[in-house]
Each structure stands twice: as C-alpha cells, then as structure tokens.
Amino acid sequence: MKPTFYITTPIYYVNGAPHIGHAYTSVAADVMARFKRLDGYDVFFLTGTDEHGQKVEQAARDAGLDPQTHVDRISADFLDMTRAMGVSNDDWIRTTEERHKRSCAELWRRIAASGDIWLGHYEGWYAVRDEAFYDEDELTTQPDGTKIAPSGAPVAWVREPSYFFRLSAWQDRLLKLYEDNPDFIAPASRRAEVMSFVRGGLRDLSVSRTTFSWGIPVPDAPGHVMYVWLDALNNYVTACGFPDEDAPRWRFWPADVHFVGKDIIRFHAVYWPAFLMAAGLPVPKRVTSNGWWLAEGEKMSKSLGNVIEPRELVATYGLDQIRYFLLREKPFGTDGSISHHAIISRINVELANDLGNLAQRTLSLVARNLDGVLPGRGTGTLEDAGLLTAADALPALVREAVERQTFHEGLEEIWKIIRAANAYIDHQAPWALNKTDKVRMGTVLRVLVDAMRVVATLLQPFMPTSMANMLDQLGVPVHARSIEALAAPLADGIHLPPPRGVFPRFVESPVAPPGGPAA
Ligand code: MSP
C-alpha cells in the first residue's frame, strides 16, 4: 500500500475576485501534491472556499445579492481560477455545504464536552477584514484618531454575548507541541514568532457571534453563529469525512501539510491545534507559510488598481511559464515582486534558452543524423559519467527541497544540471562528430537524452503540460514517468518523434500586456 499524504491550501474568502496571491498558494501546494504523487504517495489534495462571516455577508450586501447567491457566484469564480492554474485538487470544499455544517456542529459538541467552552460577553476590538480579534496593545492610532490592526485593517469596538474557547488552558501543551515537533511551523522565522506569541500568554478566544447570522449555528444556542475561523479551519477534517471516522478519507487525517499565507499562521499554528486537541483529535504535522507578492514592488490593492489577475497572466505568458515563474522567482517564505520584465526574462533565458534550446539541439541531431533512433550509451568518458552522476543525484535534492518548501532551490539544482548539459554539448560538439566519429556522437546524444529525462521527470510537477510534451519527445512512455521509473533505462533503438519547440521565446507585442507595459 502506498503511504498517504494529505495537503491543503487555505480556503479563500469569497468577498472579491481571485488574485495572484490566492493562485500562488494553490500552485505551490499543487507542485508538492504532484511531486508526492510522482514519488509514489497516495495523495489527497484539498482546496476550496471560505463562505461565512461578516466580511462575506457585507460583500454580498454591497453587491446587492442575498449571501447564498453571492457565495455561489464567487466560489465558482475561484474554482475557475483553480482550473486555469492547472491545480490538481482531489476535492473542492465549500463551507456552506451540508457535510461541513454537520462536521462543525460535531466539532463544537466535542470541544464543549471537554469543558473548553464557556458563555460570556465579548467586549473588544474586531477587524472584519481579517475576521480577527485584537488586543488594545496590538493596535496603532492613526492621525485621525481611528485605530488599525497590524495588518492595516480598520478595527471596531464590539460588545456582544459570546461563547469562549478556553485557549488560555492550552499554552503549555502548544509550546510542548512546537518543541517536540521542530518542523511543525515553517519557515523557522515564523516558528519563532508563533512561539513568542504563545509564551506571551494566551487569552480565551471568542468563538461565537450574535450580531449577524451568516454562519453555522452553534448547537443548542439560538442566536449564536460560530466564529468564522473555527468554521473555516474545520474544513480540513470535514473533507476527510469527519465526524465519520469510518469514512475512506479519514485515513488521510492528520494532514501532512497545511499551506498558508504568513498573515494566517496564527490561526493555523495556535488556534487550530488547540481546537483539535480539545476535541480529542490528532493535530496536523506541518504548517508552512508563504510570503507575499507585490506588484512591480508595490502592495496590491483595489484602490491602487494594481491587483494582478492570475488568469490574465496565464493568457499573456502561458500557464507553465507562470507556474515556473511563481516558484522560481522568490523563496517560498519571503516576499517578492512580480514584474513583467522579470517574467519575460525567466521565460527567455531559463525556459527558452537554457532548457528549450538544449532539447531542441539534442533532439534535432537525433532526428537528422540518426533518423530519430535512440542510440545506446556505448563506452563512456569521464565527462559523460560526470553529467550522468550529477543527474542521478538530482531526484534526492529536489525531493528534499519540495519537502522543505524551498522550491526555488530545487529548481536551481535542476538548472545546474541543465547548464552542465549545455556546457557538455558545447564541449562535445556532437554536430562535428557526425563526420568524424558517429559512434561517439551516439553516446553523447544518449547521455544528453538521459540527463534531460531526469530533468523533465522532476519538472513535471512545476510545468505539467510542457514536460509531458518534452517526455513524449524523449521517448519516455507515459507509464515510465515517475521518479521510481528513472531507475530503468530507456530501451536502445526506440524511435523518437520529430522534435517540436517546447518553450517559444516571449516576443513583446507593440500592445501592452494586461496590467500595464513591461517595466
Ligand atoms: N479564508 C481565510 C483562510 C481560511 S483557511 C482555513 C483567508 N482567505 S484569503 O482569501 O483572504 O487569503 C487566502 C490566502 O491568500 C492567504 O494564505 C493569504 O496569505 C494569501 N494571499 C493574499 N494576498 C496575498 C499576496 N499578495 N501574496 C501572496 N499571498 C497572499 O485568509
């Protein structure tokens, strides 16, 4: 039996259109999901939409729609974006589904049964934009006297009856969880932040609201709806069939990794494990957080009009090109900037030149000088062995990078081989060998095909369509494209199809691409 692997993205608020930040977390999680499948795991990959709460209710009102009609529309738009980004999720969860309401009611009952819920009054600051409560000392006063949260969101004073979760009782057990599991929170800088927040002391958390109704009712408590974060976080167990622990999907719980943005780490690394422990459920193994994308160096916002629409980028540059760019351009955990200039440079230098030309040069020589017949390796030289040994070491390096979410380093390792292969082809000059030593030419081309096979196999999770195309051209049968299959060499003498370019250069048209002209 294959080992299981459960991976999730945050579920997206349906208060506005999807933007590149949403697409990014989904694509990064998708790369890991695809890599794990390629590496022999039984993967369950979940994404979806977060549809309750005051913020969504307000967005529906602003749009002049009843909440259900509004959330149906926006959720469909997020699903369309998810498809457009090539995300290979196995399920699409919406928090307005019956299965989720049932699951939340049961989670609530279990936490209540453990004695961790009490009824009181909440009085304090709340930011609807973040759907989060803040302490006075976390806020900044603006010149006009209004207060804002650390995220920049405006806050309002609320006072209402509320149920509380006894978070204060979980401080030591949470700290023990982090200490016993050093990989529970990544990257390390976020882990340190969370630990110092928890060491600073935890206050009980308000987990129900009474001043609006767009939420999941608290069992046996008329007028109370669940705090949207309790509802939202619970999606991760709903999709595994909770509360039915005989459900086939329950085998995936606890999750192996939750992908989240750096702004929502506290909810996932503090509240979520505390809720689960209180309910007597196992906690996830890892919460990994990504940094933010800026648009040409500036924070994206509707008011600045610089929000990047992922589907427009894909229409302009191509899906695999954008997926590659997003994973290569910045380290996963840190902030980075998207610019048209940077996208074009990655496409033209790394994809078209380094990788595309390597394939084209090699495969057109096989087609032209060997009638498309894949030669055997023959007797190798030290240089051949150097390239092949480096290629053989690649799967372990990329696996490690994916496991740590250092995707950019994994890609850099792959590009080291691509650059080494380019240096090798220049030095061996197989085009000249055609006249002087055809046998040696065959060996050189075969070494290149074998190195490229490793590269294309490992790049499949990043660029699925282009790499399927490249593996077709390299003569790799569809059933032999896993990491394990690399151990078995391609049969000598097979016929390779005529080569076709995989990555065209991006030539700027006189018309500016969406989002403005290239910088
Ligand atoms: N609904 C909550 C998550 C609940 S998970 C149980 C939520 N939704 S969100 O739509 O506001 O944000 C979803 C994700 O998008 C977050 O991880 C957030 O960090 C990410 N991003 C939003 N803007 C972003 C950028 N500009 N760049 C990168 N990611 C960003 O929070």
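Colleague: What should I know about the model before reading it?

Modeller: It is predicted, so local features need pLDDT of at least 70, side-chain atom pairs count only at pLDDT 80 or more, and totals for chains, interfaces and linings use all residues. Residues are numbered from 1 along each chain as its sequence is written, and side-chain values use heavy atoms, with hydrogens and water left out.

Colleague: Which residues come nearest the ligand?

Modeller: A residue is near a molecule if one of its heavy atoms lies within 4 Å of it. Here 23 residues are around the ligand, and I11, D50, G261, D263 and W293 come nearest.

Colleague: Which atom of D50 lies 2.7 Å from a nitrogen atom of the ligand?

Modeller: A polar contact is a pair of N or O atoms within 3.5 Å. For D50 the atom is a polar one of the side chain. G261 instead places a polar backbone atom 2.7 Å from a ligand oxygen atom, and a backbone N or O atom of W293 lies 2.9 Å from a ligand nitrogen atom. On its own the ligand has 660 Å² of accessible area (Shrake-Rupley method, 1.4 Å probe), and the protein covers 95% of that.

Colleague: Which helix gives the most to the shell around the ligand?

Modeller: Helices are DSSP runs of H or I with at least four residues, strands are runs of E with at least two, and both are numbered from the N terminus. Helix 7 gives the most, with three residues. Elements that each supply at least two include helix 1 (20-38) and strand 14 (257-261).

Colleague: Is G442 buried or exposed?

Modeller: Buried means under 20% relative accessible area and exposed over 50%, with partly exposed in between (1.4 Å probe, protein chains only). G442 is buried, at 5%. This glycine is found in helix 16 (residues 438-459). Contact means heavy atoms within 4.5 Å; leaving aside neighbours within four places in sequence, G442 is in contact with L370, P375 and G376. Its C-alpha atom is 8.0 Å from that of G378, 64 residues apart along the chain.

Colleague: In what order do the four strands of the open sheet run?

Modeller: Two strands pair if DSSP finds at least two bridges between them. The order is 6-5-9-11, with antiparallel pairing. Strand 6 (132-134) and strand 11 (205-206) are at the edges with a single partner strand each, so one side of each lacks a neighbour in the sheet. Strand 9 (residues 156-165) pairs with strand 11 over two bridges, and F164 has S206 as its bridge partner in strand 11.

Conventions:
A polar contact is a pair of N or O atoms within 3.5 Å; within protein, one must be able to donate a hydrogen and the other to accept it, and residues adjacent in sequence count only if both atoms are side-chain atoms.
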